[in-house]
Amino acid sequence: MRFNDNAGLDASEVRDLRGSGGGGVGGRVVLGGGGLGLVGVLVYVLLAQFGGISTGPLGLGDAGSDQQVNSGALADSCRTGADANNDHDCAVVAIVNSIQDYWTGQFTRTGRTYHESTTTFFNGGVGTGCGSATSDVGPFYCPADSGVYIDLTFFDELRQRFGATGGLFSEAYVLAHEYGHHVQNLLGTSARVRGGAGPESDGVRLELQADCYAGVWANHATTTPTENGMPLITDVTEEDIAGALDTAGRIGDDFIQRELGGGTVDESTFTHGTSAQRERWFRTGYTTGDPARCNTFRTAELG
């Protein structure tokens, strides 16, 4: 995965709270509307940290008295695609830019208006419109403040604990999945979902649709222009796609329960879909490039 050296970056789409003292550390986040993060419930199997309710002292979208927004460094250092090719934080900024550029254009083409979501980097814990969360929840989307939240050390966890091959495009898949939840929120899909658990539950269908939306973005990643008309991403290889599929396979409910939990797979507790399903729906989005093909709610067979 490579970025166009001359394309501009917009660091204003990312809020950096790292090193700011956290906020809500030890609390619990309530993630409605299908926004259970990428692996929130699955990490529960491993760490027993997910669940409960904590509104916390923080207002909706408020960084809190002990959380200082420190995004100036990103704005100073992440200006172009060349910066993204040489700095990991800038690469994440570029990925966020590309994902939102695609959905902005897609919404416009269908007569809708896309409202941008801010991605927040944090360490340890963070306060959100959905309550307080620790890093153990994993990356997540909060529908109450339309924000994506991620502790970037999660990508190390994917490699070290989950055994994923990793790579920058695998990280892009994670972020694109969370932005898939933002798209669902904007379209009203999340509000119509009844939730629940089980292999055919609405909750699983919501997560698989977010995987499919991630694949749709991946299909268009090298042709989506920035505001200056240049595609930000110049190269996505088959190795990149294989890395994304590998990550999808290692965060399926069955893989987590069998390999990292107690070894017993209980389908009644599924919340995100099996490894095969997650791979299938990412691939569906990637091969078709069509969000309309991501309607997991109207198919009898999820894969």
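## Helix 4 and its ends

The expected span of a helix is taken here as 1.5 Å times one less than its number of residues. In this predicted model, helix 4 covers residues 88-109, and its 22 residues reach 32 Å from the first C-alpha to the last, close to the 32 Å expected at 1.5 Å a residue.

At the start of helix 4, the side chain of Asp-87 places an oxygen within 3.0 Å of the backbone nitrogen of Asp-89. Just after the helix, Gly-111 adopts a positive phi of about 75°.

An open sheet of mixed pairing is formed by four strands in the order 2-3-7-6. Its edges are strand 2 (14-16) and strand 6, each of which pairs on one side only, and neighbouring strands are turned against each other by 25° on average, with direction ignored.

Strands 6 and 7 run antiparallel and are joined by three bridges; Tyr-141 stands opposite Val-148 of strand 7. Helix 6, made up of residues 168-187, lies across strand 3 (119-121), strand 6 and strand 7, and runs at about 25° to strand 6.

The loop between strand 6 (140-142) and strand 7 (147-150) contains Ser-146, a residue that has a positive phi of about 55° although it is not a glycine. Is Ser-146 buried, partly exposed or exposed? Buried would require under 20% relative accessible area and exposed over 50%, so Ser-146, at 24% relative accessibility, counts as partly exposed.

Key:
Residues are numbered from 1 along each chain as its sequence is written. This is a predicted model: local features need pLDDT of at least 70, side-chain atom pairs count only at pLDDT 80 or more; totals for chains, interfaces and linings use all residues. Side-chain values use heavy atoms; hydrogens and water are left out. Helices (H or I, at least four residues) and strands (E, at least two) are DSSP runs, numbered from the N terminus. A polar contact is a pair of N or O atoms within 3.5 Å; within protein, one must be able to donate a hydrogen and the other to accept it, and residues adjacent in sequence count only if both atoms are side-chain atoms. Buried means under 20% relative accessible area, exposed over 50%, partly exposed in between (1.4 Å probe, protein chains only). Two strands pair if DSSP finds at least two bridges between them. Axes are lines fitted to C-alpha atoms, for helices over the stretch in contact, and angles run from 0 to 180 degrees between N-to-C directions. Contact means heavy atoms within 4.5 Å.
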